[in-house]
Amino acid sequence: MTTDATHYDEQGEVPLGGYAVLASVFVASAGTFALVARRRGVRLPQEVPPWDVALMGVATYKASRLLTRDKITSFLRAPFTRRAGQGEAAEVMDEPRGSGVRRAVGDLLCCPFCVSAWAAGALVGTYATSPRLTRLVCGGFGALTVADWMQYAWTWTQQTTES
């Protein structure tokens, strides 16, 4: 694979080599987890109930928003991103900086959709080894998501009555 991004886009800013590194880390992590789980005798669940899928989905959503948009987690993104502006509510908008792997990590950390794959992978892994703990953690993220929607509803209600 070429890392010459000029052949991929007109600006030449796509860090293909960095993306390859991140994809390799993701696959290696999943593979390592599977090997360790197998050696330890972890038995995978025969099925995942729809409620658990929904709960993990809501938790994945919230975890990705926390990692990519929350002010408090800016310190995690700062080596790879720079503040580009204020988002809705208390969220912030960052943009990637640097080149190569640094830029690729910045792209990842600026994209809630991209981080969702990593968050879902982590939750599915923990669900396989400790479903009760995972449900508890997902329940916490679910509660945060409900609270967010209630905050938005309250703000909308206030704005509607003031208009």
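Is the crossing of α2 and α6 left-handed or right-handed? In this predicted model, α2 and α6 cross in a left-handed manner. The two helices, residues 50-69 for α2 and residues 131-162 for α6, pack at an angle of about 65°, and their axes lie 8 Å apart. On the α2 side the contact involves residues including Leu55, Met56, Ala59, Ala63 and Leu66. On the α6 side, Cys138, Gly139, Phe141, Gly142 and Leu144 are among the residues that take part.

The protein chain holds six helices and two strands, in the order α-α-α-β-β-α-α-α from the N terminus. Some values for the chain are listed here.

| Property of the protein chain | Value |
|---|---|
| Span of the C-alpha trace along its principal axes | about 55 × 50 × 25 Å |
| Residues that count as buried | 30% of 163 residues |
| Accessible surface | about 10,900 Å² |
| Share of that surface on carbon and sulfur atoms | 64% |

Among contacts with a separation of 6 or more, 52% join residues 24 or more positions apart.

Helix α4 (residues 100-109) is mostly covered, with seven of its 10 residues buried. These are Arg103, Ala104, Val105, Gly106, Asp107, Leu108 and Leu109. Their cover includes the helices α1, α2, α3 and α5 and the strands β1 and β2.

On the surface, Val21, Val25 and Val101 form a nonpolar patch with about 210 Å² of accessible area together. Val25 belongs to helix α1, residues 16-39. Val25 counts as partly exposed because its relative accessible area is 40%, a value between the limits of 20% for buried and 50% for exposed.

Conventions. Residues are numbered from 1 along each chain as its sequence is written. This is a predicted model: local features need pLDDT of at least 70, side-chain atom pairs count only at pLDDT 80 or more; totals for chains, interfaces and linings use all residues. Side-chain values use heavy atoms; hydrogens and water are left out. Patches are made of residues with over 30% relative accessible area and no salt bridge: like charges are joined within 9 Å, nonpolar side chains (Val, Leu, Ile, Met, Phe, Trp, Tyr) within 5 Å. Accessible areas come from the Shrake-Rupley method with a 1.4 Å probe; for residues, only the protein chains shown count as cover. A salt bridge is a side-chain nitrogen of Lys or Arg within 4 Å of a carboxyl oxygen of Asp or Glu. Helices (H or I, at least four residues) and strands (E, at least two) are DSSP runs, numbered from the N terminus. Buried means under 20% relative accessible area, exposed over 50%, partly exposed in between (1.4 Å probe, protein chains only). Axes are lines fitted to C-alpha atoms, for helices over the stretch in contact, and angles run from 0 to 180 degrees between N-to-C directions. A crossing is left-handed if the near helix is turned anticlockwise from the far one by less than a right angle, and right-handed if clockwise. Contact means heavy atoms within 4.5 Å.
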